[in-house]
Amino acid sequence: MDRLALDVAHLFAGGLVLVSFMLLYQDRMFGLLNIFALHALVVSLSVAWQAHIQSAPHLYITAGIALVVKAIIIPVALRRIIVRLGIHRTIDTVGGIGQTMLAGIGLVALSIMVMLPITAEAGTLTREDLAFSLSVILLGLLMMISRRNAVSQIIGFMSIENGLILAATAAKGMPLVVEISVAFSIVIALIVIGIFLFRIRENFDTMDVHALERFRGGQP
Amino acid sequence: MALTIVLSCVAVLLGTSALAVAGARSSLTSFFVYGVALAAGACALGAAGAMLVIAPGSAQTAQLPIGLPWLGAHFRLDALAALFLVVINLGSFTSSLYGLGYGRHESSPGRVLPFFPAFLAGMNLVVLADDAFTFLLTWEFMSLTSWALVMAHHRERDNARAGYIYLIMASFGTLALLLTFGLLAGPNGGYAFDAIRATTPSAGLSAAVLTLALIGAGSKAGLVPLHVWLPLAHPAAPSHVSALMSGVMTKVAVYGFVRIVFDLLGPPQWWWGAVVLTLGGISAVLGVLYALMQHDLKRLLAYHTVENIGIIFIGLGLALAFRANDMRAAAALALTAALFHVFNHSVFKSLLFFGAGAVLGATGERDMEHLGGLIHRMPLTAIAFLAGSTAISALPPFNGFVSEWLTFQAILLSPQLPQWLLKFIVPAAGAMLALSAALAAGCFVKAFGATFLGRPRRSVAQNAQETDAWSLAAMFILVLLCLVAGILPGYFIDALAPVTQLLLDARLAPQAQLRWLTIVPIAASRSSYNGLLLFVLVAAAGWLGAYVIHRWASHALRRAAAWDCGFPDARPVTQYTAGSFAQPIRRVFGGFAFRAHEQVYIPPPGQIQPAQFHLSMRDLVWDVLYAPIEGVVNFAADRLNQVQSWTIRAYLTMVFGSVVLLLMVLAVWH
């Protein structure tokens, strides 16, 4: 049982890293939303599995929140925004996709190198989950800085949050209230960012954050 | 009992400060605030003085439930604290008395009155504090209230810059003290002074503590090279506050140093004495050299504070050196000299600042080159200022002489020290002390001569009026104290004995019972000094001289043209000026210390434009130490300024880059 439980947990966590790479690779808007939904699905599966093996029923609620809010509501809402605003459906990147992927591989290697020696005393499950979740967080950050488009920056931000949930559930005993408040803050962030998107669109006729930078008078 | 009285006085002062905020617009507030401060100062002075005389060996403690929760604020009154309470409250008593008169002319009382009692309360509390937290909090409170007083006339030129530099230096000093106490408390975090006393830090740690204490207390006291704020900030405040800052607050800094190094830190190493001595000697000489170059009366006095702090630190350094070699009697002598000079300097420096304030109030001028001849218009102020000048120049029979003489007696014991380095340094410090005493006398000949003698150089000096009775009373109380402490030093030295007993476990032999009020610090065969005899001698010689001249000389009648005092051209600008008085000294020392550069332009024959004389001086310490720091800070600020206009993505990239970098460091580290 233990061996199997561990393997399945690793499968989900490793799958999440893989889906993060898919996010990084994707350069079409709707494709990006679909893969983000998949990202959230994998997280909720992972959390549900943790709930099962840790016998912590409140984690099922976490998994449910992740599934409903992030896998369904947010992608659907973003898709509607994109349709309503008629946003250009391809995404400008900074640097080539290939270089970004290589950098992402380097980040995963870095997070494994950092995490495994540090957490030598912790249980196997926690150790490798922490390494995976750090990879997911760094990949999300990489995505935020390597995309010029506001929507993909939002997706990057939310994938960072998924990585945090992965890390938090791997460590036993996170209170439910923390999880609920995090989920709530994500919803708030969605609302704020949605309004923000409308405002950008109204004022600049584009979704490219580059326009904002020009307006602010920063370096072109 | 004494502690309760002093703490009640502090509470009254803080309450007065709050009331003064409310009543700042009323004209009675000034009278009320200074009156209360006067009474509180007198009460605290009486309590602390009685404690020092009647029950010197005892210590009183109190704990108040204020400050950090569950810790409270600890207060303790021992002999050392009592001595400095006497200094502080003597200063606050006289400056409040002075303020009763001087404060009526204050242009913006709302900026002075609320902070004045709070400043007094802060200084009292620093001396009473018995745990590191209370000490630091009250220290910073004292700094901030004095800063507010410096900024009272913030619209005047240069005052804002003075306040800015003072704020930076005060924060820097407090930071150093914070680290000092952090090291002293150790990993267990025992911040009560009792707990710190009980532990003995390792040699390296105590060296670090000494360095930090020198920086922290030295920057407040005005030790070179941390003195730069002092001659800017002290003159900027109203004169009675200048007197408090220069005469008293620097002594609170000395208290901080003595408390940390002599009381809390444990047994000293011999080289500590060498470090403190060297810094003291440099401060003494540079302070007086700076003062000689100044023509601003209050700034001149502020630079003399640097000099006198140097003299005090010479005494403290000697005490450390003797104590490290277990020469307890010699250490007691050096510490007595330093502490006596603390008292003396607070008395005559307050007196001199009061005099400068009276001149400023009467003429509106601080520049001596615009004054002159004030002895005719303000005779009483002139007498008081002359007495203060004599005292600070270390001339008998005034008090400055006694403490500097005691310091020299301690210096003359230095051949008994075993370390060769000390054998070299101590006589060098003695030479510096002698040089600074002589230069100080020259400097006050200049200050008194240019301000009070000669003929008025401007109409403001010609139309000056004698200052008010309150101010005169404050000044003459201090003149009397200067004289009494100079004539009867034995009683004062005996009053200091419990402090040296507390810190060094040794004391000077009792002096007051000796015949004819002589003081004998070491042995009668070595040296002795009798202030009373000298006073009688000076008075008799003066009287006799005057009598002889009047009896025989003035009756001989001679008809001649009136002597023109050496300047036949009657215009006041042809008088000998302060600048011309200082020129020889500037020629000797100025080339190195000030990079003084004189340029004379004499027009060729036939041209009618005037000859010109240009003098440029640079502050060496500022150029070497502070200008580079300023440059680096400005450079970094300019670079960082560009960050402000970065894009959001650039910010994110920076965050991402630093996270990855730190993770890499972490990965390599393990």
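How many residue pairs are in polar contact between chain B and chain A, both at pLDDT 80 or more? The count is 0, where a polar contact is a pair of N or O atoms within 3.5 Å; within protein, one must be able to donate a hydrogen and the other to accept it, and residues adjacent in sequence count only if both atoms are side-chain atoms.

Some ground rules. This is a predicted model, in which local features need pLDDT of at least 70 and side-chain atom pairs count only at pLDDT 80 or more, while totals for chains, interfaces and linings use all residues. Residues are numbered from 1 along each chain as its sequence is written, chains are lettered from A and ligands numbered from 1 in the order written, and side-chain values use heavy atoms, with hydrogens and water left out.

Now the interface. Contact, meaning heavy atoms within 4.5 Å, links 16 residues of chain B with 20 residues of chain A. About 1600 Å² is buried between the two chains, and carbon and sulfur atoms give 74% of that; buried area is the accessible area (1.4 Å probe) that two parts lose on being put together, summed over both. Of the area that chain B buries against chain A, 38% comes from Arg649(B), Phe656(B) and Leu663(B), more than from any other three residues. Salt bridges across this interface number 0, by the rule of a Lys or Arg side-chain nitrogen within 4 Å of a carboxyl oxygen of Asp or Glu.

Last, one residue of chain A. Leu67(A) sits in helix α3 of that chain; helices here are DSSP runs (H or I, at least four residues), numbered from the N terminus. Leu67(A) has a relative accessible area of 33% and is therefore partly exposed, the class between buried (under 20%) and exposed (over 50%), with a 1.4 Å probe and protein chains only.

Notes: Helix = DSSP H or I, 4+ residues; strand = E, 2+ residues; numbered from the N terminus.
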